[in-house]
Amino acid sequence: MNKSDSVYTQNWLYALFNSILFPALRPAFLKTVPRIIYNFFLRQYHAAFFSGRIPVTSVDHKLDEKVPFAPAWVTIYLDFVHFWIRLITFFLKRYKRKAHIPVRDFIYSMGDLYVFAAEIYKRNMSTTKRPFYIARPRFFVIHLLDPHLMCIPSLHVMVVVHTYLQFSEIAKKIGESDKLKDQALELKQGALAICQAILFVKQHSVNCIPAALYAMTCFCSELFPCEEAEKFTSLLFSPAPCAVNEEIKKIKVHPAAAPRTNINAEDQARIKDHILSLYYRFLEEKKTSQNWYDPLINFLKTYS
């Protein structure tokens, strides 16, 4: 893959500018941005400033102790917003107006995703214990701006999973699936890297990943059925081939440049078993639930 073909070399400002410039994209942009701000930032700040109005559950798990705190992963952790915006730049630059409609639908769907996840947050917030580490400026920003009350389900996981799924879907709609196989693999690896990063920087618990995978299956079962959730989980902590050149590997947020952090094989297996076990538990409880979010709310209300 040439450097210019990598999704990771795309400028997110290009997507921002063109989403405002083109009439086909502008309504989606103007609707989605306020939905994201409201359902992620404002809901958290409201809960933090008016504590007690919404229950807050600590969702730490003993398996979290098996995951080392690795501050070097913070760059990848913070990349999840740029991660999905780069997809927009990639398709708009490469396919111009041919990509307008599928990109527009993708932008709308991202707003829908935040609203969907908020069905949990507005009923029960969740948090984890995280080290107060501000030696790196990025951690200072995290502690300053993130009240850390939206752990279940993890929006980091939901956003990146939705992005790699939608990349393949858009490629299919414009008839370019075969030509974009390397980029699709690149994005899936990026999603895996960010899912690992949330654990390594201690912003989430191992409980947060299965909750997010379950939410994604509920949100879009056609693209993220149980089989895909299993495949995705099986690849966590595992090196995967990526068709990139040495120049692309130098990009700090690229999955090929992710810091090496060791978790022994036994603990990796236990974590992945826990993720799938909890994922299937939520799916089983959904069969007798009135709403898709009931299993997660029940988990939060009874978790100890």
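By class, 26 nonpolar, 8 polar and 1 charged residues make up the lining of the largest pocket. Here nonpolar covers Ala, Val, Leu, Ile, Met, Phe, Trp, Tyr, Cys and Pro, charged covers Asp, Glu, Lys and Arg, and polar covers the others, Gly among them. A quick word on what you are looking at: this is a predicted model, where local features need pLDDT of at least 70, side-chain atom pairs count only at pLDDT 80 or more, and totals for chains, interfaces and linings use all residues. Residues are numbered from 1 along each chain as its sequence is written, and side-chain values use heavy atoms, with hydrogens and water left out.

So what do I call a pocket? On a 1 Å grid over the protein atoms alone, a pocket is an open set of points where a 1.4 Å probe fits, with protein on both sides within 12 Å along at least five of seven lines, and lining residues have an atom within 4 Å of a point. The volume is the space filled by probe spheres set on the points, which are joined across faces, edges and corners.

Back to the largest pocket, then. Its volume is about 860 Å³, and 35 residues line the largest pocket, with Ile-36, Phe-41, Phe-80, Val-81 and Tyr-114 nearest its centre. Among the elements giving two or more residues to this lining are α1 (12-21), α2 (26-49) and α4 (80-95). Which element gives the largest share? That is α2, with 8 residues. Helices are DSSP runs (H or I, at least four residues), strands are too (E, at least two), and both are numbered from the N terminus.

The second largest pocket has a volume of about 550 Å³. Gln-196, Ser-238, Pro-239, Pro-255 and Ala-258 are the closest to its centre, out of 20 lining residues.

Now look at His-162, in helix α7. Is His-162 buried or exposed? His-162 is buried, because its relative accessible area is 2%, and buried means under 20% (exposed is over 50%, partly exposed in between; 1.4 Å probe, protein chains only). Leaving out residues up to four places away in sequence, His-162 touches Phe-106, Ser-109, Met-110, Leu-113, Met-216 and Phe-219. Contact means heavy atoms within 4.5 Å.

Finally, the whole protein. Its 304 residues are 54% buried, and the protein has 13 helices and 2 strands. Of the contacts with a separation of 6 or more, 86% join residues 24 or more positions apart. The C-alpha trace spans about 50 × 40 × 40 Å along its principal axes.
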